[in-house]
Amino acid sequence: MFLNTASPRRSFNIPININLQGARRRQTREFTAAAQEQEWSRGLDGRGGQRARTLLVSSVGEDRAILLGFTMMAFSVLMLFVVGITVVKPYVHSNWGEEASCVLLQADIMEEWVDCRGVSTVPCLRVTVNLTASNQRAFLHLDEDSVLLAPECFYIPKCRMDCTELKDEVLKVKNSLDTHLGNTSSCFADLTRHPRDVILSRKYTLRKILLALMWPGLMLGGGVLLVGLVKLTQCLAHLSSEVRSETAGGRLTSKYTQGNLYKLMRRSSVLSPT
C-alpha cells in the first residue's frame, strides 16, 4: 500500500515541477528581452535627439555661411558695376591706341587764365610737339581726361586763391620742360576725334583694368565657392542620414525577428512531448 501510494505521487510531482520551472524561465527571458528592446529604443532616441541637436546647430551655421556667400556675391556685383562704369567703359570707348613719336618744340604760359571750377582762375601751361610720322604740330596733354578738361593746356595747378603761388608752380613746370626741348619721346594720338592733340600717357590701360577687376572677381568666386561647399555638405549630410536610418531600421528588424524566432522555438520546445 505504501509503495503504491508513493509511486503515483512521484510520477505526478516531477512533470509539474519541470513545467513550472520552464514557465518561470520563459517569463524571465521574455521580460529580459523586452527590457533590452526598451533600452535599445531609448538609446536610439537619445542618439536621435543628439543628432537632431547637431543638425540644428549645423543648420544655423550653414544658413549663416550661405548668407555670407550671397552677401559677398552681391557686393562683388556692385563693385563690378562701379568698376565697369569708371574704368572699363572709358577704356572701351578710348581711341588713344596709336603710338607715335613726338618732338618737344615749345612750352609757354598762356596770358589768358582758365576757369577752375567756378571758384577762381588758374594759369595754363601749353606745350607744343611735332609728330615725326606726319610732320604736324599738336598740343601735348597728360592723359585722356586733361584733353576734355582743358583743350590746349598741358598742366593746370590746383585751385588756390594766391596768384603768386600759382605762377611760381607753373613756372617750375615750364622750366623743367625747357630742359627737354628738342628731345623725342613716345606719345599717343587719336587722329579721328582729336587730330590736334596727343597725350603723354594713357590713364586707362588693360593692366589697370585687370587689376581693378581682380578683387571683385575674387570676392565673387569666393562667395560662389562658399555657397557651393555648403550645399555639397548639406547633400552629403542628407545622404548620410538616409544610410544611417536604413541601417538602424535593419538592426531593429533583425532584433525583433530574432526575438520572435526565439519565442517560437521556446514554445515549440515546451509544447513538444518529451
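How many bridges join strand E6 to E7, and do they run parallel or antiparallel? Here are my notes.

1. Ground rules. This is a predicted model, where local features need pLDDT of at least 70, side-chain atom pairs count only at pLDDT 80 or more, and totals for chains, interfaces and linings use all residues. Residues are numbered from 1 along each chain as its sequence is written, and side-chain values use heavy atoms, with hydrogens and water left out.

2. E6 and E7. Strand E6 (residues 184-190) is joined to E7 by three bridges, and the two run antiparallel. Strands here are DSSP E runs of at least two residues, helices are H or I runs of at least four, and both are numbered from the N terminus; two strands pair if DSSP finds at least two bridges between them. A hairpin of three residues links E6 to E7, and Asp190 sits opposite His194 in E7.

3. E5 and its partners. E5 (residues 136-141) pairs with E4 (residues 125-131) in the antiparallel sense, over four bridges. In that pairing Leu131 faces Gln136 of E5. The E4-E5 hairpin has four residues between the strands, and Asn135 there takes a positive phi near 55°. E5 is also joined to E7 (residues 194-199) by three bridges, this time running parallel, with His141 opposite Ile199.

4. Overall layout. The protein has four helices and seven strands. Read from the N terminus, the order is α-β-β-β-β-β-α-α-β-β-α.

5. Of the 274 residues, 21% are buried (under 20% relative accessible area, 1.4 Å probe, protein chains only). Take the contacts (heavy atoms within 4.5 Å) between residues at least 6 apart in sequence: 73% of them join residues at least 24 apart.

6. The largest pocket. Its volume is about 450 Å³, the space filled by probe spheres set on the grid points. A pocket is an open set of points on a 1 Å grid where a 1.4 Å probe fits, with protein on both sides within 12 Å along at least five of seven lines; lining residues have an atom within 4 Å of a point. The largest pocket has 16 of these, with Arg117, Leu149, Ile156, Pro157 and Lys158 nearest its centre. Strand E2 (114-116) and helix H2 (144-149) each give two or more residues to the lining, and H2 gives the most, with three.

Note on methods:
Buried < 20%, exposed > 50% of the residue type's maximum accessible area, 1.4 Å probe, protein only.
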